[in-house]
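I opened a new structure today and kept notes as I went. Here is what I looked up.

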Amino acid sequence: MMIKGFNLIRPGTTIPFMGMHRIMFLFSTILVVSSVVIFGLRGMNLGIDFQGGIMIEVRSEGPADLALLRSSLGSLGLGEVNLQTFGAPNEVMIRVQRQEGDEKAQQLAVDKIKQTLGAGYENRRTEFVGPKVSEELFKSGIEAVSFAILAILVYIWFRFEWQFGVGAVVALVHDILSTIGLFALTQMEFNLTTVAAVLTIAGYSINDTVVVYDRVRENLRRYKSKPLPELLDLSINDTLSRTTMTSFTTLLALFALYVLGGEVIRGFSIALIWGIVIGTYSSIFLAVPLMLYMKLPNRSADATGDDGAASAEGA
């Protein structure tokens, strides 16, 4: 007995994506421009990793009560305080934002924290992240994202054609800028964990795009005389079920992390949820429709249509 698989999109679906590509291009442009403007006006709520601060590693006799610790340390008036367990439930990393003043001000904050923790916590390590170190971390984060985009461009260029590489990078930059705009708008903390989320978004987005591009390349070889808008619509619809199912199952896991993961990974979860949604959108509505404006190899003029874009209206 054959068990039919579950599909969010029925096989044989023929959605005319190319017919709406101009509207989607306008929406994406507004989204990116708005993200840049909000970032310029509000900036980012940089975490301790990028602003500098105090890191204290402590160990409790039993499992640490993070909620109680967060409440107690938050009432000290030291500004932003982050807590997370690592290694074991009784090992806690405390991060406090950099205090105004010199080294004495930082030491005073450390003394307040130790006094609040009491004898039930063993102080194992105390470090101060200065402005120079935080500046280097911020620079390294930007370099990591930039090198990732460059490596993806080179990979797509060698695997497909340069036209596909341009389309993939445009979609990727769109996803990253919109994610930065989300953090600027909501003022959620932007730290090294968020940079990891951005890099994860880049990997997921390019994976989605490569799957659709692979079908586009296959159909370009199979249907040499088919108008390009129809061929692109066919390629997206062929992979639509796989794309939506992958995104849906990934989002289920991320929503579980958001609800059950606690405060420590909440920003990471939100960034990935947004990244999955916007990455799926850009793969379908941005990366592939951009091929209408590219001169693809082995395409005759009659198969492309009037500049590619004009024929999309009838798709």
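**Entry 1: the surface patch.** I kept in mind that this is a predicted model. I looked for nonpolar surface and found a patch of about 850 Å². Its members are Phe147, Leu150, Val154, Trp157, Phe158, Trp162, Val166 and Val170. I then asked which helices supply at least two residues each. They are H5, spanning 131-159, and H6, spanning 162-186. H5 gives the most, with five residues.

Entry 2: I picked Val170, which sits in helix H6. The cut-offs I used are under 20% for buried and over 50% for exposed.

**Entry 3: a helix pair.** Next I turned to H8 (residues 228-260) and H9 (residues 266-287). They pack at an angle of about 170°, and their axes are 9 Å apart. That angle makes H8 roughly antiparallel to H9. I listed the residues that meet. From H8 they include Ile236, Leu240, Thr243, Leu251 and Phe255. On the H9 side, Ser269, Ile273, Ile276 and Ile284 are among them.

**Entry 4: a loop residue.** Where is Gln187 found? I located Gln187 in the loop between H6 and strand S6 (189-190). Its phi is positive, about 60°, although Gln187 is not a glycine. I flagged this because most residues other than glycine have a negative phi. Gln187 has 26% relative accessibility, so I logged Gln187 as partly exposed.

Methods
Residues are numbered from 1 along each chain as its sequence is written. This is a predicted model: local features need pLDDT of at least 70, side-chain atom pairs count only at pLDDT 80 or more; totals for chains, interfaces and linings use all residues. Side-chain values use heavy atoms; hydrogens and water are left out. Patches are made of residues with over 30% relative accessible area and no salt bridge: like charges are joined within 9 Å, nonpolar side chains (Val, Leu, Ile, Met, Phe, Trp, Tyr) within 5 Å. Accessible areas come from the Shrake-Rupley method with a 1.4 Å probe; for residues, only the protein chains shown count as cover. A salt bridge is a side-chain nitrogen of Lys or Arg within 4 Å of a carboxyl oxygen of Asp or Glu. Helices (H or I, at least four residues) and strands (E, at least two) are DSSP runs, numbered from the N terminus. Axes are lines fitted to C-alpha atoms, for helices over the stretch in contact, and angles run from 0 to 180 degrees between N-to-C directions. Angles under 35 degrees count as roughly parallel, over 145 as roughly antiparallel, 65 to 115 as roughly perpendicular and the rest as oblique. Contact means heavy atoms within 4.5 Å. Buried means under 20% relative accessible area, exposed over 50%, partly exposed in between (1.4 Å probe, protein chains only).
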